[in-house]
Amino acid sequence: MKLNLNSFLYSVSVALDAVEKELLNTTNNHSKKVAYISLLLGEEFNLNNKEKFDLCAYSIMHDCGIVQSFAQSNFEDNFEQAEGFTSHCIVGEKNIEHFPFFEKKDNIILYHHETYNGKGYFGKKADEIPLMSQIIFLADCIDTQFSLVDITLDTKYEIDEFVKSNEKILFSPKLVEAFLNISNRDIFWYNLELLEMDFLLNEILPTFIIDISYEQMLKISMVFSNIIDSKSEFTANHTCELMSKAKILADFYNFTEDKSYKIQIAANLHDLGKLGTPNEILEKPGKLTKHELFIIKKHASLTHRILNSIEGMEEISTIASAHHERLDGNGYPFGLDASELNFEQKVLASLDIYQALVEERPYRKSMSHDNAVKILNRLVLDNGLDEGIVKSIDKVFS
């Protein structure tokens, strides 16, 4: 498949920013702002276009281990403390293992909180810290420690002073010099206020479209399925199990290899939009109010928004974002009916319900296979699900 790397990066950042904003109260467009500052710093160090793309990717993915780090901790309310765990750097470094960098460099994510004086998480100092890690750290400090909304001249002076005063403490002299160079350009500060960060990043980066195998895309999608599943203890294995069952059912139906990979990737990414759903709703032990239901249903639309804006992922997007559609047209987000849904969409929608039923949720215990199939059959009678697919689920997973 042909994948637009730029649109892939910018789109997944929407999901990563949504969950980081909930857990750490970061700013809107946090990862893209970090990427924008980092890219301008990268230009000061004469990085070529491919190196700048990699820097942009590392910047956007720099906190991709936050959700898993928090899930592994014993904290229930102190979301902001997740940033302080060395584990989020370790997990983040592992998460990017299969990302299609032009030149994979070790330890960029692992060391993105190291300080020049060696008092970071891992005690690395000065030139022991990769340049890209140093750049991301400075950019991250600026966006997390200062308000970049309605920037005034005083804001510029305050940030300049912060960077200069931390020379040889947090930041290297060369990095401080590079930042002050870009700080002297008024357009830098004006751009930081803008919401259209994709536009700014595209001004700096050329568009990169690569040929990537579905097998490699499946590995990349697993990064996000792990992040999605980590968001709530009640969905800890949902996406992984759904992908596994999608593979089994694809084999049962003798799907081609490409079609099998597509439905597996769609399964991995179907709940990507749930990264923007508050955990207080995901983990509510009782029945959702109509207002809470309205909020949770947004996740399918966000999944569609994220995936459909990635050039090369359109077909996978149509499968993933339709997992709550029903044959009678009463599903969401589009209200598609049987005549508008393809077979893969119907398969994933049925499997998603089945997988949810056999899992424990905050409001009920897990169901047996037989009880889950009884509910699926009731949905068949109500013209919600495809009868043949439900029979296949019963046969294959009994």
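Helices are DSSP runs of H or I with at least four residues, numbered from the N terminus, and in the predicted model shown here I90 belongs to helix α5.

**View 1. Helix α5 and its covered residues.** Helix α5 spans residues 86-95 and is mostly covered, with seven of its 10 residues buried. The buried positions of α5 are S87, H88, C89, V91, G92, E93 and N95.

View 2. When residues up to four places away in sequence are not counted, I90 touches L110 and F122. Q216, which is 126 residues from I90 in sequence, lies 22 Å from I90 in space, taken from C-alpha to C-alpha.

**View 3. Aromatic pairs around F99.** A search of the whole structure finds 20 aromatic pairs, among them the tilted pair of F8 and F99, whose centres are 6.0 Å apart and whose planes make an angle of 35°. This pair links distant parts of the chain, since F8 belongs to helix α1 (residues 5-24) whereas F99 is in the loop between α5 and α6 (131-145), 91 residues away. F8 and F99 are both buried. The pair of F99 and F101 is also tilted, because the ring centres are 4.8 Å apart and the planes stand at 55°; F101, like F99, is buried. One aromatic cluster is formed by F8, Y58, F99, F101 and F224.

**View 4. Lysine charges over phenylalanine rings.** The charged end of K245 sits over the ring of F397, at 5.8 Å from the ring centre. K259 places its charged end over the ring of F255, 5.3 Å from the centre of that ring.

Conventions
Residues are numbered from 1 along each chain as its sequence is written. This is a predicted model: local features need pLDDT of at least 70, side-chain atom pairs count only at pLDDT 80 or more; totals for chains, interfaces and linings use all residues. Side-chain values use heavy atoms; hydrogens and water are left out. Buried means under 20% relative accessible area, exposed over 50%, partly exposed in between (1.4 Å probe, protein chains only). Helices (H or I, at least four residues) and strands (E, at least two) are DSSP runs, numbered from the N terminus. Contact means heavy atoms within 4.5 Å. Rings of Phe, Tyr and Trp (its six-membered ring) pair if their centres lie within 6.5 Å; planes under 30 degrees apart count as stacked, over 60 as edge-to-face and the rest as tilted. A charge sits over a ring if NZ of Lys or CZ of Arg is within 6 Å of the ring centre and within 35 degrees of the ring normal.
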